[in-house]
Structure formats: C-alpha cells, structure tokens
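The sequence and the structure come first.

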Amino acid sequence: MNDVSFGPNSRRVSKFQPRQAPANSHATSAMIASLDAEGRETITAPFGEALCEVAAKRDDVVGLSADLSKYTDLHVFAERFPDRFYQMGMAEQLLFSAAAGLAREGFTPWATTYAVFASRRAYDFICMAIAEENLPVKIACALPGLTTGYGPSHQATEDLAIFRGLPNLTIVDPCDAVETMQATHALSESPGPTYMRLLRGKVPDVLGAYGYKFELGKAKLIHDGADVLFVSSGFMTMRTLDAAKALKTDGIDCAVLHVPTIKPLDEAKIQAEAAKTGRLIVTAENHSIMGGLGEAVGASLMRAGVAARFRQIALPDEFLDAGALPTLHDQYGLSVPQITKRVKAWLDA
Amino acid sequence: MLDNPKTNQAPWESFRPTDDEIDHLRDRAKFIRLETIRLIEIAKVGHYTSVFSAAEAFAALHYDVMSINKADPKDPKRDRFLMGKGHAAVGLFPIYEELGWITKDVLDGYTRLGNPLGDHPDMRKVPGVDFSSGSIGHALSAGVGMAMGGRLDDLDFTTFVMTGDGEMQEGQVWEAALSAAHHRLRNLVCIVDRNGFQLDGSVDDVIGIEPLDEKWRAFGWDVQVVDGHNVSDLTAALRWAKADTERTKPLCIIARTLKGKGVSYMETEPGWHLGYLTPADAARAVQEIEERVI
C-alpha cells in the first residue's frame, strides 16, 4: 500500500522528509490564530521567547507539552532547549502529574496545553498533585475564554471559575505581549503553583505605550477618568482602553484599572479606586459572567462596604457558537463598539 | 494479519465487495475528498489531511456497511457512528447532505455564523451526528455507553467509533478499552485511523504507540489490521465486523492510512494537520484527486 509502514516490526518510521508545499498555501490556522492586534505592533511568541530568557539563566526550568507545542509557543523553547523539553503526547493528566513529579525533584516545569484541557480534563490532577502539594508547577494555557472560533470544545469560558477555587494557585491573565513576557519571568520566580492564560502567536503590544510594568499581585491604574471605572483583565484591558478613547469623544471620562493577577486579587487597590465616589464600576473580562473577575471584584466591594453602581461585561452563561473570532466578540459583547454601547446605556439609565 | 489458521486467510475474506461496489465506493471516497476541499475554501482553514486518511472508511461505512435509515437519522435501529477525531467532520457533512439529512444550503454555509455545521460535529445541531466531539479521547467511552444501551434495549445495532492514532495517547481510550472488553461489547467496533501524524509531528516522534495491535489484544479485544485505503479489504473487514455474530469481544480495526492521502505533498508534510489551500493550489489538488486511483 504505502511506503510508510507502522507494523510491529517497524516501530520507528524514518524521519520524514517534507516535500515542498506550494508557497501560496498556508499550513496554519485562522481559527487558532493570533488575536487581532487592532492596529498595534505585535511580538511573535512572547511566552516562548520569555521562557527561553528564563531558561538561559536557570537550569531548573523545563518545558512540557501535550502535542500542542506549536499552538502554545512552546516550540520556541523546544527548539532552543531540546534537552529540557518533554513531549508528553495528547495526555493531559499525565502532563500535569509528570510536571508535579519534576517539581518534586527540584525542577521548575512549565506545562502547557489548551485551557479547556487543563481546567476540565486534568483538574483533579492539578488539584491533588500540584495545588495541594503546593509545588512550583507553572501552567500556561492557550485559548483562554473566547480566543478561538472552534466552539465549546476549545473555548475555555469558565477556566477562571474552575481555578479560582483552588487553594495555593496563583492566577494571571495578561493583557498583551509585554505583560506575557514580564509575567513569565515573574511567575518563574514565584514559589508556588501558577496558572497563566496564554495569548500566543503574534500578540499585540498594548501596555508598552503606558510605561507599564507587571508586578505579581498588583492591579494598576493605566488611565484615569471621572465618570466610569473599568476594572479589566487579559486582552479586555486592550478593549477597555480603546473603549475609553471612543467614549471620550462623547464626553465620557473613563478610568482603566488593569487587574492581571486574578488570584490573589489586589483587593486594596480595587476597593480604593471603587470607593472614589460617583463613578460607574464596569468589570470587563474574557470569561463567563459566572465566577470570574467580575464576581471576584463585586464580592470584594461588598465585603468592604463600597456601594457603587456595578456592571459586568463578560461572556454569557452559555456554550458559545463557533465562527470567526471578531464576529463572535461582537455577538457576545466583548468588542469595543459593544462595550461603548452598553456603557452609554448604563449611564443613561 | 491472518486469523484463520485453517485457510490462512483473513476472517473477512468472504465479505469482499464486488468490482462494481468497489468502483462505487472509490467514487464516493473521491467525492468526500473533493467536497472537503470545496468546503474548506468557505472556512478558509480546515483539516484536509485528517479527512483524506479516513475517506475510504467514511465511504465504506456510510455507503455500504452501516444500517442507515435515510428517512430517519434517529431511527433507534440504525448503526451508530462516533467520531473521536471530530476535526475531520467536514468530510462527513457532504455525506449527510447526500443522504438527505441536511440541505444543500446548510452544507454550503459550512462554518458560517449561525450554521449548524462547524469544524467539529454537534449532535444537538446536525442530524446524523450520533455524538458531539472536538475534545480528543471521549468518543470510545461514549461508544461503550451506546453499545451498552443497545444491548439493554435488545437492539442489534453496531456502534462504530473512529479514533485518531494520536488519540491512543489519551488515557481515557484505555479506560474505555478495559470496560468494553469486561462487558464483552461485541457490538462495539473501534476503527483507529492509523495515519501516522498528529499536530506536533509524527506519532512515533511525539509519543510512540506501537505495537498497537498487541496492545488492543492484551486489553481483551479482537484485532484486525487492514490497509485503510484498500476499499476491498476495508469494506470486507467492516462488513464482517457487523455480520459475524460468533465473535464475543469488541473489535478494533487498525486502518493503516496516510494522512493527506490523495494529494502528494500533503502525504508527507505533517504541517498540513491544519491548513488552507489557495484556490490555485486547490485546483491542482482537485486535479490530482480526480486523476488518481486509490
């Protein structure tokens, strides 16, 4: 039949010799594509590049993939540090338990897959082998929230809700390429287990223009304003910054408080900003309305007795459609026009 | 693999299709490949090669082997088909259109917003899809449940599950394998599309799975290894799987295939797990599929 055989007597096929594919066709995916940079500069594979910087200084850093190195940017690390890269295959439970074993032996493993597989399939293994034992396993997961059009099997709309309940686990949702790189360094230095939502491929540089510096556990005011306080995380901070610009032309003055560390939450900063009277508080997150940043902020304000007008921009409590990402962001309210429309309606109400 | 010591022949030898039937199935496999190229042009990205390795199996199952009720895709007596490798669903939708389960308009709106046909099959939206998939590793376990259900309902349908070969790396597959053997689910057939490649490279390079036939046998299954592009062998094995009521174990058919079979450069280039052919390249691929006899 074929010139490649897989019988028991030929367990190892010869290394394949790729023939040239036609130059104009793409061996890539628009569905697992980079986030639209919306006119900004981009940095390619910021996580992979930053991890290489860390690994160049530290022998204890290793990388593990579950057949998704190309789509988690870990292939950059795999190419430069082949001796410290472990391909685990499509076996996510193994991926995390083995990472725990490496951590137990004194290594700092970065284990990467898609957010759906980590949060859903491997949850028990992350909980028992990593979080309870408080081991320094660094989890980085692509396709968080609504960052693929592939439908519910690939859209991790509830990963934060799942992981926020885990004691010991630090959770970070970076906004852009710059922050992803800084967070990769910072999390490598942090002692316990961590979960980072990963933007991969060509990732926009958003916060560079604001002289921003990531600090683990710190929320930062990127932009001040008198009428609305956006409290946002992940790429939604790019959107709230753009919404603030758009709303400014309508005379609405918006502040943007960026909250990259979801857990532990910088409650003091959030409460202090929210306590400044008169502003409408609008949380904005790339996550289900259930159990993410919005609910965490809301509960924190209630506990502190901060009684402000409070609204949430988040994904609905539904399994989402498949389709093109920009269309889906508009459909589910994460686009800049949808944000500005809703903020105006809330202010007018 | 020769199972019958008396005749030194495969047990499915007497189930071979006629020459006319073979021609028809080859034609349907060609149709599946061509439609896949046409539909992915709509989506601008898709899993061509995952369909191409399975095209003969899709054709043999839907146009020959399975009991199908065109008038009722939910007929309780129908054979079931579950896709572990849900990303190859684009190759099934044209079949469903031909069977009358979805309209041409729906087919031609593949992946458009609001259209029921996405990259992965959704049983809530698409008639003919027996179980949703998209997350690798689930289908065989669901197939175990459906085969158990058939037995409870005293229905003699067969549950066919197609998995990828990289999928063998998922531990869940082996939980299902243990369970199916324990419950002697002879009405359950797992077809492993052994096309040799997964997202990050060749299966042998990622995490090797051989000797695969010995693994399934050790887990208590009957095993047949066939050439998954040889329509005669594959159809005969699948017909036998359904017809031979003497078997007492679940059956694994390891279909040796080539990822991208039918388009020469895709057959050796693993980067085509996911891709897009520009119209000019698609035209050349169509020409090659039209001309080649597989």
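The report covers the basis of the values, then the sheet, then the pocket.

## Basis

This is a predicted model, in which local features need pLDDT of at least 70 and side-chain atom pairs count only at pLDDT 80 or more, while totals for chains, interfaces and linings use all residues. Residues are numbered from 1 along each chain as its sequence is written, chains are lettered from A and ligands numbered from 1 in the order in which they are written, and side-chain values use heavy atoms, with hydrogens and water left out.

## Sheet in chain A

Seven strands of chain A form an open sheet with mixed pairing, in the order β3-β2-β4-β5-β7-β6-β12. Strands are DSSP runs of E with at least two residues, and helices are runs of H or I with at least four, numbered from the N terminus; two strands pair if DSSP finds at least two bridges between them. β3 (85-87) and β12 (261-263) of chain A are at the edges with a single partner strand each, so one side of each has no neighbour in the sheet. On average, neighbouring strands are turned by 20 degrees against each other, direction ignored.

β2 (residues 61-65) of chain A runs parallel to β3(A) and is joined to it by 3 bridges; A:L64 has A:Y86 as its bridge partner in β3(A). Helix α3 (residues 92-104) of chain A packs on the sheet and touches β2, β4 (108-114) and β5 (138-142) of chain A, contact meaning heavy atoms within 4.5 Å. The direction of α3 makes about 170 degrees with that of β4(A); axes are lines fitted to C-alpha atoms, for helices over the stretch in contact, and angles run from 0 to 180 degrees between N-to-C directions.

## Largest pocket

The largest pocket is lined by 33 residues, and A:P152, A:S153, B:R124, B:S132 and B:S133 lie nearest its centre. A pocket is an open set of points, on a 1 Å grid over the protein atoms alone, where a 1.4 Å probe fits, with protein on both sides within 12 Å along at least five of seven lines; lining residues have an atom within 4 Å of a point.
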